[in-house]
Structure formats: C-alpha cells, structure tokens
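This report describes chain contacts, a helix pair, a sheet and a single residue position. The structure comes next.

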Amino acid sequence: MSLAETITDERAVRGTSSPVLGMVLFVASEAMFFGALFGAYFTIYSGASSWPPKGIETNIGIPAVLTALLISSSITLQLGVAAVRRGRMDRLNRWLELTLVLGIAFLVLQAYDYSQLNFGIREGVFPSLFYVMTGLHMAHVIGGAVLLGMVYVQARTGQLSMERHEPVESAAIYWHFVDVVWIGLFSVFYLATMR
Amino acid sequence: MAITEAPQVHTPQPEPRSGLMTWLTTTDHKRIGILYFINSFTFFGVGGVLALLMRTELAQPGTQIFPPHAYNQLFTLHGTIMIFLFIFPMLNGFGNYFVPLHIGALDMAFPRINALSFWLLPVGGLTIVSGFFTKGGAAAAGWTSYVPVSLQGGTGQDLWIIGLLILGVSSLLGAINFVVTILRLRAPGMSMIRLPIFVWSVLATSLLAILAIPALTTALILQFADRHLGTAFFDPTRGGSVLLWQHLFWFFGHPEVYMLILGAWGIVSEILPVFSGKPLFGYRGVVLSFLMITALSFTVWAHHMFATGAVELPFFSITTELISIPTGVLFFNWLATLYKGRLKLDPPMLFALGFIAMFLIGGIDGVWAASPAMDFAITDTYWVVAHIHYVLFGGTVFGIMAGMYYWFPKMTGRALSAKLGQWHFWVQLIGFNLTFFPMHILGLRGMPRRIADYAPDRGWTFLNLLATIGAYLIGVSMLIFLANVIITLRRPRDAVADPWEGNTLEWFTSSPPPPHNFDVLPEIRSNRPVYDARKAQLASGGQS
Amino acid sequence: MIRNSGAPRSGRGGNLGPRVRLIAVVSALPLFLSGCALQGVTTQGQAVDTLYNTIVSLAAPVFVIVEALLIWFIFRFRKRADDDGREPPQTQGSTRVLMIFFLIPTVIVAVLFPFGERTLSEVQASPPAAVTIKVQGFQWEWTFNYVNEGFFSTGKTLVKPALMELPVGQPVHILLNSQDVIHSFFVPQFLFKRDVVPGRTNSFTFTPTQIGTFNGQCAEFCGLYHSKMTFIVKVVSQQDYDAWVTKEKKAALQANCSPQGSTVTMTAHNISWNTNCIAVKAKTPFHLVFKNEDSGIQHNFSIYDSPARKKNFFRTPRLTGPTSQTFTGPALKAGKYYFQCDVHGPAMSGVVIVK
C-alpha cells in the first residue's frame, strides 16, 4: 500500500463523482432497455415477408429535421458543460436555454409528425413497433427535458459552479444517450424503410 | 496495533430514536437492511403457505380443495413471490446491511434512493398479491407468464405486470446504489482485491441486475401494450411472434437465476473460512469464477427454449455447459478451504455445509438439462422443478439461513439459540430432500409441471404424497426458526463484537454497530483485516 | 441401493455418527435415478436413454467424490473437545492449483458435449415417413389429422382423450400447429417433447419400436384445463393399424338424426357441442341459436360439404363466451353436410342432415 493511500481519505476524493457514476450505470441499464426493444424489432423484421408492410408509409422529411434538432441540442448542451467546467456560468445558462428550446421543439414537431401518419397503432406489427419504440423514446426526451429544467433552475439559483458541476455532467450523459437512441430509431424506421 | 481514525462525520448524527416513524423515514443502511429482512420473510411466509396449499392439493390424485383456476394462481404467485419478493430482496437485505460495513463506509452512496428502492418493494408486492381480490383472481399464467396464455388473463395479470415493473425499478435503483457504493466508498486500504468475497458477489449481482432487468421491463411493456393498446407484438396472425416473449424473458431470466444464487455463494464463502479457521482457499479463483459466470449468464438464455424447436441448439448447449466450469471451481475452493481446517460446527457452518451438499445436486442435475436431446425429455417436467429448488432452496435458502445465524448477533446484539438452530437445520435438510428429491423421479416418469391434477394410474401418487409430507416438514423447520428468532429477541443484548472470530470489518465494531458504523477502523492490509488485527493484538500481548 | 461408505469410522465418532450416516444416505440418492428413468419405446427414445446413462456415468463419480470429501472433511477436521487451540495452517491456493481447478471441469465438459451432440443428431434425423400426422393442439384438446389416410382422430375435452394409433416399426412424421396458445406434445415414454407454437409449424420424426399403449400430455402450461389435455398413443401391429384406419374412415359422418322443428340450438360447453348431429328441412332457412358457455374462449359454427371442407355454406363470426346469439341458417338441398367450430376443428364437429 502506498503512503498516499494510507493518508488520504479516499471516500472524500472519490465520492465527488458518485452521481456521475450513478448516471453512467443508469444509462447502461437504459441502453439494455432500448437494446431489448431493438432486439424485438429485428426478431420481427427477420420473420416478415415485406418491410414495412404494404400500405404503411413513413415520410423521412420531418424525422430528418427531428434528427437535426436533437443532434444540435446535444452540441449546445456539451458547449454548456464546457462552459461550466471553465466557470463561465452566464454561458452555461444560455446554452441550457438553447438546449431546452431545441428539445421542446423536437417534442412538438414529433407530435405533429404523429398526426400526419397514415396508420394507427392497432394496424399490425410494424405500427406496433413504431409507436411503442418512438413513444418510449419520446417519454425519455420528456424525462431528459425535465432533468435539464431542474439543472437550469440550479444554474439560475447559483447552486452550480466550476467545482460543483456534476448535475450538468449527469444530465448531459443522459441527454446524449437519448440522442443516440433517436439516431437508432431514425435508422430503423425511416432510413431502412425508404422505398 | 495500527489504527486509522475513521473519517470525521460532518453531518450531525441524530440520536437514535425508537418508534415507528423513525423506521418509516430511516435512511440508515442498517435499518433499511432490517426492513428488507422483515419484508422478505413476510413474503416468504406467504409464498410458503401457497406452496403448502399446492402440495396439499397434489398429495392425492383428483381435485380435493383447489379447482384448476385456483391452483394455477397458487403456482403463479408462489414462483413470483419467492423469486421477486423473497430471495432477491433477502440477498439485497444482507447487501444493504453488510456492504457498507464490509468496506468500512458510513452508509450507502445514495441513502435516500436506498430508502426509496426498499419502499417500492412492498408496494410492488402488494400490487401483485392484490390480484387475489379482483374478479377472476390473481395472475394465473406462471411466473414466466408465457404469451399468448398470459394475454388471456384478467385484471390479476395486469396487476402482476405493474407490480413487476415497480419491483424492477426497485432492483435497478438498489443495484446502481451498490455498484457506486462499492466502487467509490471503500475505506483507505480496501482495494478491490481486498474486498470481502460477499461484496464481490453483491457487485456481480448488481451488474447483472443493471444489465438484465431492462429486458424484463421491455417484455412487460410489450405484453401490457398487446393486452390494452391493440399492438401485435405477440400475435402471429398479425406479424408478431410468440417466441419473442420467451427470448426477452429468458434474456432477463437466466441472469436472474445467478442474481438469486451469487449472494448465497458470497455468504457461504465468508462463513466457511471463519468456521474453518483458514482463509478462503483461492480468493482470486472465486472472484474470477463470479465474473465468468456473470458474463456467461448472458449467453445461455435460449437453453430454456430447446423444446420450441426454434433456437440454435449446439451454441446454447455449449455455453450452458461452460458455466459448469467456474461453478466447479467454486466447489473445489470450498472443499479446499475445509481441508486441514478446524471446523466449528455452529449453526451458520451447518447451513453452509448443507448448502454445499445440496447445491451440488442442483448443479449436477442441471447437466442433464443442458444437453438438448436429454432436455427434450425432462424440460417442463418435475425434473426441472426439482432442479430449480435444489439450486434456489438447497442453494440459496440454505445460504440465507447460514447468513441469518452468522450475522444475527451483529444485527441484533443477540445470538440465536444453537440448540434450536441445529433442530432447524436437520428438519429443514430432511424436509427439503423429502420434498424435492422425489420430484426428479416424477419428472423422469413424465409428470409435467404446473398441472393441477393427475390421473391415479400414472404411477405418480406415492412420490407426490412423499413430497407433500416433506413440504410440511419444511414448514415445521421454518416455525422452529421463527420461534428461535422470537425467543432470542426477548433476551437481553449480550453479544460481543466478534463472537465467531470473523475476518471482515463488521466484526471490528460493536454488536449492533453504532449509527455511524465505526469509531475506529483497523489498518486494511489483506482481505481479512479483522483477522490481521486479532493477530497483531496477540503478538503485542493483548494490548490494544 | 448403494450406501456411501466414504466416511471412515476411525477416531471417536462422538455425537456426529448419526449425522454422518444420514448425510451418506442423502448423498447416495442420485444413484437411485439411474434406475428410475423410463426406457425409450422409440429408436430416438432409446438414444436419449443411452445419453441419460452416459451423463449418469460422468456425473455420479463427481457427485460421490465431492460429497464423500465433504463428509470426510467434516468428520476428520471438525473441532474436537480436546482441541489444543493451535491455528490450522493458513494455506491458500497457488495459481497452479487454481488452474487445475479450472481444468478438471473443462475436461468433463469436453467429454460430455460430443455425446450430447451425437444423440441430438439421432433424435433430429428425419427419415422418409410411412405415416404423416398433422397435430392440432388447442385449449384443451388434440386433433390428429392422418394426412395420407384422410381422416381425423380427436377426443372430447374433459371427457375422452384423443387417440393416436400407429403401426410398430414404421417412421412417423409429426407436424405440430396451434391456433391459440403454446402447447407441448409430450409422450414420456418417447423421452421426447416438442412445443406446439402458434404461427410456427414444428415437426419431428420417430419410429416406435414397441407395441403398447402410452400416455401423452400437454407439457407447456396452456391455461385453465392444462392438466386435462391428455392423449393416448397406441402402437399396434401393421394389420391392426390398417383395420383401425378402415374403421375410422367409415365412422366419419355416420351419425343420424331427424328434424325437430325449425330451430336448431348449438351449445358449446367445455370445448364440446351439445350434439354431433343436427337435422333440418330441405330448402328451408332455419333459426340457429348459438350459445357459447366457455368463458373467455372463442367458438363459431360453420357448415361445409364434407370434412374435407371444399365448400362452405354457412359461417357465424367467432364469438367469445359466455354469449348467446340467434342467426338464420341457409336453405340447403337435401343431403349430408359437415359442421364444425372453425377454432377447434374436428374436435367440435358433426353431421348436418337435410331432408
């Protein structure tokens, strides 16, 4: 055992990043959750004769905009993380506001996209997969937006600083994950089904 | 002897108060651990009564008490309760109480989340059990809830789904808490290779929970959607697949089995060295085995589906057989720990030795089921019922009881009666074998599991009667245990800090420990810090 | 049976003696198993039986050695009354010993796996079959459709198990289908089962080697009357089989009855109709009172030209019980027709006589 190990209270040092580690583990679990859904998608896909089934049409226009919105929001959030690491709290607030606006725009536009579709959830297995998977993702976006909202309140009320920025880091990890899941959904429901 | 000061506690420690409210609002990992035990043993009682009712019905051919629909609810709820509301939370209870003590921490990493993950348990459990009071009764599709038969169920099935979703959240939060606690809150000197083996088992269990439970969550959501939103995931006439449920369920379900046994391996691997007066023979071998099993358990799920005719048989057969390698290593290590030791046959040791003898049977009879051609003959028969109970009762419940007798003085300040403990052990051992050993033969004679009745001309009657008698013996053994606990709790606190000459840090603090766990910590230079401290004390002539 | 005598009787037995004996008896129990397996009555079943014994011969030594060592250690190394308080040697395993620990089970697995695979290929083989049977499983009955012979054999739920007769020594090909939930076709003495999965046709081939009557049963939990979903496999000589086939083919459409007014009542109860014969007047529509008393289960009522179902004359929608509805049946020409519930097929069928 080194001398440093005996004289340092490791709990105090390592304890600082527990919330971030907790979030990483939570996201690992969430990844398995969506992994299982994608597994279901491919199980059913591999047994289907035509995909998507006849009469089902998905339009790639709006979803492409959705993808752009979500990717931009990840970039703005990461700029916010960089700002708080350098102690630029004013910039953190701006980037968080922008991220939240992009996130809410995503939700509104996706709701509009749902209203434009020519199939309902009961009309076969493709619609089932489509609505359940994108719907569960949407719920995660809402959860992420709430999380970011809470971080924003903390930022505005001066509870965050260069030393105490784990809430921003944790929320960012979650938000990027939700972003990655969307890219997966965009690939299997729009890119892969273009005729 | 060398002692490092425990770190200063900055938050003021409130005086320990008694009363119900302090228990309802506690965030102390030790109290939450006790709550886990109370909750788990309560559900153990419920699940046990359901089992006795089943055995009573099956004692003779013909329908005596429970018509099929009632019987189907009994076995569904028995399995669900024992797996999700007794064994897993019980092991989590040990983890809650002893992981922070084992690593020399003040508490879990997230004490309030810890309280939340406990309180979700009774909520989820009561949701499931409340199915009995709905029209149509509780869930009746088995704990595996295969579609499409589960899609036909009534309100009880919905309550089952919702209850399990709640329990899943509870397990997930608990698992994250354990991993963060173990990785971040270790005392100075407590490196990963000095972790008590029980902590390793909790770490492996928690990783499994984090990565496997989501598959169950997904499966449950899809089943709920098929039942209520008109989706077609499991409807082959609309492009769905009924086997999709089984893939998702067993992707969770097989790691789940290891989540239910790893903790018991950890407990037994703590107890054997203490009561043999020797270190665990191959600490690194055991840790490596735990990690191999954790990894392999994600590759074997379809061995539950050999008879569907829809899975890659050789692949899932070889991965399943590979798991017997690290499991074999565990047995060798346990035996080698006993070799040339000085075995103190107190109740914790009796249960630990019983664990080895019984879990061996559960391990070996699994070998038949791992070979697909053989599995075609025995899957979904009572052979499988025997196998799972030799693993989860002969293994885990013996391990849990070993842990209860071992740690009871630490948790309550009072040691359980050894005399009653011996009675408990022998009645449980005999009752257990009388119940479950005949089920192997029943399985070989073709008795399918989950049948409410059987014809008298099938040659199953005598063995079923035997199993029923055994089940009542198990019931008696549990009453002895209950009596032991009640009698002991009425006695004054007289347990010393270290009644067994233990190895791990919990024995360095008082019994029961103070709210902040440790006043002082010994220097940690091996995976047996308290053993080292005892030796150092002897060497310095009894001066502390 | 074998008594495990691994525990030496040397030294002072103390009060441990009876315990050791008890553990020894318990330990020997798995050896009982080798005598308790059913012998296979098909060529495939005999292969599985051999595999079973192969695994016994590998597993029994492991079991006996481990339990014997355990008991010996408990007896030999237990703390005695005259214990001198000296510490036992604090030995820990070297890397080499741990590698040996990993090696031993690896060898056992390496030996075991090929045996299993060989038996699997024997069980999965499908030689050309003499008899092909489409098996339909449903809640809670079986129907056996003899494809080449052109007739059905079925039972009556909760009353009479379905019967499958087979000629001895001939390969039989089975195709499995389900319309409702998962079932499993299981004959214990074949040492074999295969799930009956909705949306999927499973198949397997076997050759019965022994004349006799063998019980079969659904092995995958399928709801309320799962335990009653039994059937019988009767293996007979080729002559007896041919006679049985001739008799069964004649028996189809043999029921007889005469018209009773202009209303026909069809009641489905426990997956059975109240009658296997109805009669109506020719060229006259009739009232059909359709009652489904099976809670949560779908039935319907259809009329066809014959069991081959080449032409459909009438079909009600599928209705989930309990329910009762009235329909108007078609005006039919005089003759014999076939009716069934389309959900349950020939297991719920009968004759329509139009006079």
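Among contacts in chain B between residues at least 6 apart in sequence, what percentage join residues at least 24 apart? The share is 82%, where two residues are in contact if their C-beta atoms, placed from the backbone, lie within 7 Å.

## Basis

This is a predicted model, in which local features need pLDDT of at least 70, side-chain atom pairs count only at pLDDT 80 or more, and totals for chains, interfaces and linings use all residues. Residues are numbered from 1 along each chain as its sequence is written, while chains are lettered from A and ligands numbered from 1 in the order in which they are written.

## Chain B overall

Chain B contains 16 helices and two strands; helices (H or I, at least four residues) and strands (E, at least two) are DSSP runs, numbered from the N terminus. Its C-alpha atoms fill a box of roughly 75 × 50 × 45 Å along the principal axes.

Of the 544 residues of chain B, 65% count as buried. A residue is buried if 20 or more other C-beta atoms lie within 10 Å of its own, exposed if 12 or fewer, and partly exposed in between, with C-beta atoms placed from the backbone.

## Chain contacts

Two pairs of chains are in contact, and chains B and C share the most contacts. This contact takes 74 residues from chain C and 75 residues from chain B. On the side of chain C that touches chain B, the elements giving two or more residues include helix H2 (43-77) and helix H3 (95-124) of chain C. The residues of that side divide into 46 nonpolar, 16 polar and 12 charged. Here Ala, Val, Leu, Ile, Met, Phe, Trp, Tyr, Cys and Pro count as nonpolar, Asp, Glu, Lys and Arg as charged, and the others, Gly among them, as polar.

The contact between chains A and B takes 33 residues from chain A and 35 residues from chain B. H3(A) gives the most to the side of chain A that touches chain B, with 14 residues. That side divides into 17 nonpolar, 10 polar and six charged residues. Chain A and chain C do not touch, and their nearest C-alpha atoms are 11 Å apart.

## A helix pair in chain B

Helix H11 (residues 347-370) and helix H14 (residues 418-444) of chain B pack at an angle of about 10 degrees, with axes 10 Å apart. Axes are lines fitted to C-alpha atoms, for helices over the stretch in contact, and angles run from 0 to 180 degrees between N-to-C directions. H11(B) is therefore roughly parallel to H14(B), a term for angles under 35 degrees.

Residues of H11(B) in this contact include B:Phe351 and B:Met358, and those of H14(B) include B:Phe425 and B:Leu429. The contact residues divide into eight nonpolar, four polar and one charged.

An open sheet of four strands in chain C has the order S12-S11-S14-S19, with mixed pairing; two strands pair if DSSP finds at least two bridges between them. S12 (272-273) and S19 (323-329) of chain C stand at the edges, each with a single partner strand, so one side of each has no neighbour in the sheet. Strand S11 (residues 263-269) of chain C pairs with S12(C) in the antiparallel sense over two bridges.

C:Tyr337 is found in strand S20 (residues 335-341) of chain C. C:Tyr337 is buried, with 21 other C-beta atoms within 10 Å.

Terms used. Angles under 35 degrees count as roughly parallel, over 145 as roughly antiparallel, 65 to 115 as roughly perpendicular and the rest as oblique.
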